Amino acid sequence: MQSNTDSSASGTYSQTVGLLYVFNLIVGTGALALPKAFQTAGWLLSISLLTFSAFMSYVAATFVIEALSVANAVLSKKRRVEYDDVVVADGPSSFEISKKVEVSEMASMFLSKVSLVFSYFAIIVYLFGDLAIYSTTVPKSAMNIVCSTINASTVKPTDTCHANWPEFMTRMAVYRVFVIIFVVVVCLPMVIAGITKTRHIQIMTTLSRWAAFILMISLATVQLSSEGAAAHPPAYNFHGFGSLFGCAVYAFMCHHSIPSLITPMRTKDHVFGKIAVVYGIVGVFYFTLSLTGAFTFAHVQDIYTLNFLHDDNTSFVYSLIDYFLALFPIITLTSSYPIIALTLINNFKVVKDILCPKTGQENESLLEEDNQTDDNDTDDERETRTARGERSIFDVLVPIIVLALPTFLSLLTDDMLLLASITGSFPGVAVQFAIPCLLVSAARKHARSVLNFPVPRRNNSPFQSPVWIILISCWSLFSMIMVLLNLVGVKF
């Protein structure tokens, strides 16, 4: 995890580039589950719910940006107190977003210990779900490439991978083999080595993402216009509400990374309005992808790219495109898995320090990495050796838990739609809605009572009324209840 850093230290970019990064961050893996959710829940219900969920997500995103401006004002005041020779002015200028303050560090600034532990717990559970989705999507894509490409609507997990293979080599068995290979052989060494995404990998995944989504929309549109609709989803099916809502939350998740993308922008003029435009473009993008898929294919797969691997076009060009789309999740998610795992490990370390603080240790920022020198140790060598032994055991157990639990979930089920809906519906609601509401409420109170200066208008979220926080809270509670009812099989 990184501490707050000046944007100039990590490089700046134009506002247009920053908004493009926001677009790329939002449009990710969650989009691959939306067409299936649209076909299950019905086109009218899907459009309505996705639109409302996107709007609520945007409101929460503006809350994070406002809290970020208050966090910058807090750091400015701290610098003025600590360094007599540094001139930091009070007033609107101190609220300018010039230093990156991550969401978890803002939580440590503004929230109580109970709210802080809740925030980290929600982030940890969400990241576990993220890893489970990754360790399901990649092996399932690999299995479908290796096994025979029979018609998607007739595929069963108990079918043999190929007709001439032994009966025990079913599609599910091959999938589970790929789960073990992906986690143990591919990802575990990268997690141990601490490998993070390089600039070249980032460029490659961005280009492949754009190419894949444009190809899926184009191919489905061509097939729909030439062959007509293969499926006719109903206008609404409330039994599909749970999976649709979870996927909608997961598909618009960007709040935990907003500080990293907004801070380096050279100018933040009209940033709220421009992010609204980005949300609108993403919404149109999702509608186009999901509606074309829901009507083009009689049976939409939970990983939408697999529908193109099983289509009827057998020319070389189509085969090349089909296999590229099937490989797309493997390329992008394999590079992202170690980053999520390392982030999860760091969050575990922070929670451990919150719940079991070390005696005599300074109450440092909760985002600082757990790098402690021997100068901070006590004089008693026996206590020092014990502490080091505990850290050693902790450092071994946490990576095992971080990798083992998502892997176990992936071995139990290959239903990516189920994992995405659960991850988005419960921990996703906390990360996307609850934490931003807690942050902005506490940050506004801190600005008035401690900084003695209201948040300037240009840094204010357009949604200042407490009614918005109440509305988001009610929407989240209602949606989680609906999801829970759907999961236990209640019919509507």
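This is a short walk through one protein model, helix by helix.

Keep in mind that the model is predicted. Let's start with the whole chain. The protein has 17 helices and zero strands. There are 492 residues, and buried ones make up 50% of them. Now look at contacts with a sequence separation of 6 or more. Residues 24 or more positions apart account for 87% of those contacts.

Let's take helix H6 as our guide. H6 covers residues 113-146.

Partner one is helix H7, residues 171-193. How do the axes of H6 and H7 cross? They come within 8 Å, at roughly 125 degrees. An angle over 145 would count as roughly antiparallel, and 65 to 115 as roughly perpendicular. H6 and H7 are therefore oblique to each other. Their crossing is right-handed. Who makes the contact? From H6, the list includes Tyr-134, Val-138, Pro-139, Lys-140 and Met-143. From H7, it includes Arg-171, Val-174, Tyr-175, Phe-178 and Phe-182. Sorted by class, the residues of this contact are 12 nonpolar, three polar and two charged.

Partner two is helix H13, which spans residues 316-355. Again the axes come within 8 Å, and here the crossing is roughly 155 degrees. The cut-off for roughly antiparallel is over 145. So H6 is roughly antiparallel to H13. What is the hand of this crossing? H6 passes H13 in a left-handed crossing. The contact of H6 with H13 has 27 nonpolar residues, seven polar and two charged.

The axes of H6 and H15 come within 9 Å. They cross at roughly 165 degrees. That makes H6 roughly antiparallel to H15 as well. The crossing is left-handed. Which residues of H15 touch H6? They are Met-416, Leu-419, Ala-420 and Thr-423. On the H6 side we find Tyr-126, Gly-129, Asp-130, Ala-132, Ile-133, Thr-136 and Thr-137. By class, that is six nonpolar, four polar and one charged. Notice Thr-136. It is named in the contact with H15, and it is also named in the contact with H7.

One more residue on H6 before we move on. Val-125 is found in this helix. Is Val-125 buried, partly exposed or exposed? Its relative accessible area is 30%, so Val-125 is partly exposed. Now pair Val-125 with Phe-426. In sequence they are 301 residues apart. In space, C-alpha to C-alpha, they are 9.0 Å apart.

What does Gly-424 touch, beyond its neighbours within four places in sequence? The answer is Gly-246, Val-249, Tyr-250 and Val-429. Take Val-249 from that list. Along the chain, Gly-424 and Val-249 are 175 residues apart. Their C-alpha atoms are separated by 5.2 Å.

Next, go back towards the start of the chain. Helix H2 runs over residues 15-26, which is 12 residues. How far does H2 reach from its first C-alpha to its last? The span is 17 Å, close to the 16 Å expected at 1.5 Å a residue. Which residues of H2 are buried? They are Gln-15, Gly-18, Leu-19, Val-22, Phe-23, Asn-24 and Ile-26. Look at the spacing in that list. An α-helix has 3.6 residues a turn, so residues three or four places apart point the same way. Keep that in mind for Gln-15, Gly-18, Leu-19 and Val-22, which are among the buried residues.

Last stop: two loop residues. His-270 has a positive phi of about 55 degrees, although it is not a glycine. Where is His-270? It lies in the loop between helix H10 (258-262) and helix H11 (271-296). With a relative accessible area of 67%, His-270 is exposed.

Asn-452 is the second case. Its phi is near 55 degrees, a positive value in a residue other than glycine. The loop that holds Asn-452 runs between helix H16 (427-449) and helix H17 (466-487). Is Asn-452 buried or exposed? Its relative accessible area is 60%, so Asn-452 is exposed.

To close, return to the picture on screen. Find H6, roughly antiparallel to H13 and to H15, and oblique to H7.

Terms used. Residues are numbered from 1 along each chain as its sequence is written. This is a predicted model: local features need pLDDT of at least 70, side-chain atom pairs count only at pLDDT 80 or more; totals for chains, interfaces and linings use all residues. Side-chain values use heavy atoms; hydrogens and water are left out. Axes are lines fitted to C-alpha atoms, for helices over the stretch in contact, and angles run from 0 to 180 degrees between N-to-C directions. Helices (H or I, at least four residues) and strands (E, at least two) are DSSP runs, numbered from the N terminus. Angles under 35 degrees count as roughly parallel, over 145 as roughly antiparallel, 65 to 115 as roughly perpendicular and the rest as oblique. A crossing is left-handed if the near helix is turned anticlockwise from the far one by less than a right angle, and right-handed if clockwise. Contact means heavy atoms within 4.5 Å. Ala, Val, Leu, Ile, Met, Phe, Trp, Tyr, Cys and Pro count as nonpolar, Asp, Glu, Lys and Arg as charged, and the others, Gly among them, as polar. The expected span of a helix is 1.5 Å times one less than its number of residues. Buried means under 20% relative accessible area, exposed over 50%, partly exposed in between (1.4 Å probe, protein chains only).
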